[in-house]
Structure formats: C-alpha cells, structure tokens
Amino acid sequence: MNINLDPSWNHHLKTEIEAPYFKKLTNCIDELTSTQLILPREQDVFNAFNLCSLENIKVVILGQDPYPTPGHAHGLSFSIPKDVRPLAKSLQNIFKEINTDLGKEIPEHGNLERWAKQGVFLLNTVLTVTANEANSHKNIGWQQFTDRVIQLISEQRTGIVFLLWGSQAQKKADLIDESKHHILKSVHPSPLSAYRGFFGCKHFSKANELLVLQQINPINW
C-alpha cells in the first residue's frame, strides 16, 4: 500500500508509519487487495490529511469507516463524490440540520471537500473497508493509527472544535485535552438516531461561534 501523506502530516506521523503495527496493517491491506475490492481507492485513503493540514485544522468531525458501496467512499468522513446519488441518509440529515441551524440551502451534491479546504478535518477512525461489508476492517489496526492522530491534534493545537456524533465517536473524547479544546457531543446523524438529538443540536452554529470567539474565521457550511 502506497502511503501518500502530505509532507506536513508525514513529518508528525513518521514514527507511526514506521511502527511494526502500521507495517502489519498495510501488509494486511495488500493481501486483502489481491482478492477483494478495497475502498476507497488507494490514492484516496488519506484524502482527509491531504486536503487539511494539521496546521489548518479548525474543526474535527469523526466518522466510523468508509461507505462500503463502490464509488461512494473517497477518504473524507460522511462525504461522497459529486456525481453520486442518492446522498447517504446520514449526510442528508447533516444537511437538514445545517438548513435548520443556519438557514443554508441543502446542496445538490454530497462532496465535502470544500469543508476540508476550510479547515474541517473529516476523519474516519477506520480508513478502509471491503466493498459491501460495512465495518469489515475495524480490527486490522487503523484505530491505533487514528487514535494517535486525534492525540496529535490535541497535543499540537489549541482551540479545535471536535464534533463527536454517536457513541463510537464519543469514546474518543478521552484522547482530547478538554482544557485546550472544545468538544460538542450528539447522537449520530443516521436515520436510526437523528431524531433523538442530532436534529436541533445546532453544532454548526455553535462551532462557528467558538471559532469567532477565538478570532478565527468561521466555516462556510
């Protein structure tokens, strides 16, 4: 597996990438690739990192793992390529909440690269998946890597707004220094839980308010 990380991240994560567990992880993916369709495409696995450097992060949104439907995952949590229809249900609910919270029109497509380029780090805690098998790579080592990424953000930066949606994301709160950062929690935006507290959470306006208080430009959601 080719590790195509932006130099700014590569500098900070060099020790992780050279660690035995990470080499075992990439070898595992190489083996799986010989017999299975692995998503997203190899060149897209680290898109979240390559579209948003550590120094530019303002907001972190944690997802679980990539969409397992071929053509949907492209390395950003909750995001899908412009030409994919219909939008994933969780993404539809995210857009509905933004519409209610900020009055913004619901976009015609689900590509969130424009968020990433503004400083929203869209990190899945597991970065690959076997096609049509959700959560199939949860035990191959990705979480050790992404936990370290979350810790690194907490250590190296201050004032980041972390949006933790659902129980899996909220477990990562222990990795974040809450004396330096802001954590907003809600249920997951999936159809199974969105009506139990995601709708009405106002995380998008709250995140922007926290940024403005720090004299940081808000996100154009």
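Visitor: Which elements each supply at least two residues of the lining of the second largest pocket?

Guide: This is a predicted model, in which local features need pLDDT of at least 70, side-chain atom pairs count only at pLDDT 80 or more, and totals for chains, interfaces and linings use all residues. On a 1 Å grid over the protein atoms alone, a pocket is an open set of points where a 1.4 Å probe fits, with protein on both sides within 12 Å along at least five of seven lines, and its lining residues have an atom within 4 Å of a point. Helices (H or I, at least four residues) and strands (E, at least two) are DSSP runs numbered from the N terminus. At least two lining residues of the second largest pocket come from each of α2 (20-33) and β1.

Visitor: How many residues does α2 give to the lining of the second largest pocket?

Guide: Residues are numbered from 1 along each chain as its sequence is written, while side-chain values use heavy atoms, with hydrogens and water left out. The lining of the second largest pocket includes Met1, Ile29, Asp30, Thr33, Arg41 and Thr128. The largest share of this lining comes from α2, with 3 residues.

Visitor: How many charged residues are in the lining of the second largest pocket?

Guide: Ala, Val, Leu, Ile, Met, Phe, Trp, Tyr, Cys and Pro count as nonpolar, Asp, Glu, Lys and Arg as charged, and the others, Gly among them, as polar. In the second largest pocket, the lining has 7 nonpolar and 2 polar residues, and the number of charged residues is 3.

Visitor: What is the volume of the largest pocket?

Guide: A volume is the space filled by probe spheres set on the grid points, which are joined across faces, edges and corners. By this definition, the second largest pocket holds about 170 Å³. For the largest pocket, the volume is about 520 Å³.

Visitor: Which element gives the most to the lining of the largest pocket?

Guide: The largest pocket is lined by 29 residues, of which Gln64, Asp65, Phe78, Ser90 and His188 are the closest to its centre. By class, the lining has 12 nonpolar, 15 polar and 2 charged residues. Three elements, namely β2, α4 (89-102) and α7 (167-170), each supply at least two of the lining residues. With 3 residues, the element that gives the most is α7.

Visitor: What is the order of the strands in the open sheet?

Guide: Two strands pair if DSSP finds at least two bridges between them. The edge strands, each pairing on one side only, are β3 (120-124) and β6 (182-186). The open sheet of 4 strands has parallel pairing, and its order is β3-β2-β5-β6.

Visitor: Which residue of β6 stands opposite Leu164?

Guide: The parallel strands β5 and β6 are joined by 5 bridges. On another side of the pairing, 3 bridges link β5 (residues 161-165) to β2 (residues 59-63), where Ile61 stands opposite Leu163. In β6, the residue opposite Leu164 is Lys185.

Visitor: How many residues of β5 are buried?

Guide: Buried means under 20% relative accessible area, exposed over 50%, and partly exposed in between (1.4 Å probe, protein chains only). Val161, Leu163 and Trp165 are buried on one side of β5, and Phe162 and Leu164 on the other. Of the 5 residues of β5, the number buried is 5.

Visitor: At what angle does helix α8 run to β6?

Guide: Axes are lines fitted to C-alpha atoms, for helices over the stretch in contact, and angles run from 0 to 180 degrees between N-to-C directions. Helix α8 (residues 203-213) lies across β2, β5 and β6. Its angle to β6 is about 175°.

Visitor: Is Leu211 buried or exposed?

Guide: Leu211 lies in helix α8. Contact means heavy atoms within 4.5 Å, and, leaving aside neighbours within four places in sequence, the contacts of Leu211 include Lys58, Val59 and Val161. Because its relative accessibility is 0%, Leu211 counts as buried.

Visitor: Why does Leu210 count as buried?

Guide: Leu210 is also placed in helix α8. Beyond neighbours within four places in sequence, Leu210 is in contact with Val161, His182 and Leu184. Leu210 counts as buried because its relative accessibility is 19%.

Visitor: Which residues does Asp44 touch, not counting those up to four places away in sequence?

Guide: Asp44 is found in the loop between β1 (38-39) and α3 (47-51). Asp44 counts as buried because its relative accessibility is 9%. Not counting residues up to four places away in sequence, Asp44 touches His74 and Gly75.
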